[in-house]
Amino acid sequence: MRSIKDRTVKNPKKKEKLVIREKAGIKMRDDVGANRKALIIVDPQKDFCEGGSLAVPDGDAIIEIANKLLELKFFDVLVITNDWHPANHKSFASNHKDKNVGDIIDIGGFQQRLWPDHCVQGTSGAELHADLRVPIISIIRKGENPEVDSHSGFMDNSQESDTGLNALLAKRNVSEVYIMGLATDYCVKLTALDAVSFMYETYVIEDGCRGVDPETTKQAIQEMKDAEIKIIQSSELLS
Ligand code: VGL
Ligand code: ZN
């Protein structure tokens, strides 16, 4: 395996992360040597859709696009991530005295925004949207540790524990990932940024995502572009 030290990684912070991953024995995409494509649908769960406890504006609109993309032969590997929190999760405002939804606190060195209770393990809000046509697929759960949140489908916010998504993709020789889902400005963004860190060629399907807030969504798209993530539309894959 080629060492991280020999790679050209412009961002020193990213390089630091990669060295940690290398020490942990986590394989990087370009050591895998194949060219398969994965579709990753981030958190298409009831709580993020209409009527849910953390409904993302127009969140339901992504389901139709997901259903179309799930039928494409283009993808070799299909993955859905699920936000899957215990009821005592620290990202819930209800688990802090004198804190409200929207307040920002430090959790494990990460500036964490506090949310309403959502995607609590085993509740109906944590279920997949009822209209999603789910074929045989891998489901990656995240956010199970009550002490730290995990916006990314790959790693928790303190970059300490790994969900198993990278190993799953590496095992299936994936080199390109196509990401869509909820929400653009949180879990989609962090999943895409981690995908780049893990050296996947990363695409975000913009019209297959919806954001919590228009301003942070705009910023998220820019941040992803700056990280060399390719922003595409579903029509480019469906036509
Ligand atoms: C998400 C806030 C809290 C997301 C998850 O899926 O983007 N956002 N938990
Ligand atoms: Zn969450």
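1. Ala-61 lies in helix α2, which covers residues 61–70; helices here are DSSP runs of H or I with at least four residues, strands are runs of E with at least two, and both are numbered from the N terminus. Ala-61 is partly exposed because 15 other C-beta atoms lie within 10 Å, where buried stands for 20 or more other C-beta atoms within 10 Å of a residue's own, exposed for 12 or fewer, and partly exposed for values in between, with C-beta atoms placed from the backbone. The C-alpha atoms of Ala-61 and Cys-49, which are 12 residues apart along the chain, are separated by 8.9 Å.

2. A word on the basis of this note: this is a predicted model, in which local features need pLDDT of at least 70 and side-chain atom pairs count only at pLDDT 80 or more, while totals for chains, interfaces and linings use all residues. Residues are numbered from 1 along each chain as its sequence is written, and chains are lettered from A and ligands numbered from 1 in the order in which they are written.

3. On the overall fold, the protein chain has 6 helices and 8 strands, and its elements run, from the N terminus on, α-β-α-β-β-β-β-α-β-α-β-α-β-α. Of the 239 residues in the protein chain, 40% are buried. Contacts (C-beta atoms, placed from the backbone, within 7 Å of each other) between residues at least 6 apart in sequence join residues at least 24 apart in 72% of cases.

4. Which residues surround ligand 1? They are Asp-43, Phe-48, Asp-83, Trp-115, Leu-182, Ala-183, Tyr-186 and Cys-187, a residue being near a molecule if its C-beta atom, placed from the backbone, lies within 6 Å of it. By class, this shell holds 6 nonpolar, no polar and 2 charged residues, where Ala, Val, Leu, Ile, Met, Phe, Trp, Tyr, Cys and Pro count as nonpolar, Asp, Glu, Lys and Arg as charged, and the others, Gly among them, as polar.

5. Among the residues around ligand 1 is Asp-43, which lies in the loop between β1 (36–42) and α2. Asp-43 has a positive phi near 50° although it is not glycine, and it counts as buried because it has 32 C-beta neighbours inside 10 Å. Leu-182 and Ala-183, also among the residues around the ligand, are joined by a cis peptide bond with omega of about -5°, and Ala-183 is in the loop between β6 (174–182) and α4.

6. Helix α4 is mostly covered, with 13 of its 14 residues buried. At 1.5 Å a residue, its 14 residues should span 20 Å, and the end C-alpha atoms are 18 Å apart, which agrees; the expected span is 1.5 Å times one less than the number of residues. Just after α4, Met-199 takes a positive phi of about 75°.

7. The axes of α4 (residues 184–197) and α5 (residues 214–226) come within 9 Å and cross at roughly 10°, so the two helices are roughly parallel to each other, a term for angles under 35 degrees. Their contact is made by Thr-184, Asp-185, Lys-189 and Ala-192 of α4 together with Thr-216, Thr-217, Ala-220, Glu-223 and Met-224 of α5, and by class it has 3 nonpolar, 3 polar and 3 charged residues. Axes are lines fitted to C-alpha atoms, for helices over the stretch in contact, and angles run from 0 to 180 degrees between N-to-C directions.

Notes. Angles under 35 degrees count as roughly parallel, over 145 as roughly antiparallel, 65 to 115 as roughly perpendicular and the rest as oblique. Two residues are in contact if their C-beta atoms, placed from the backbone, lie within 7 Å.
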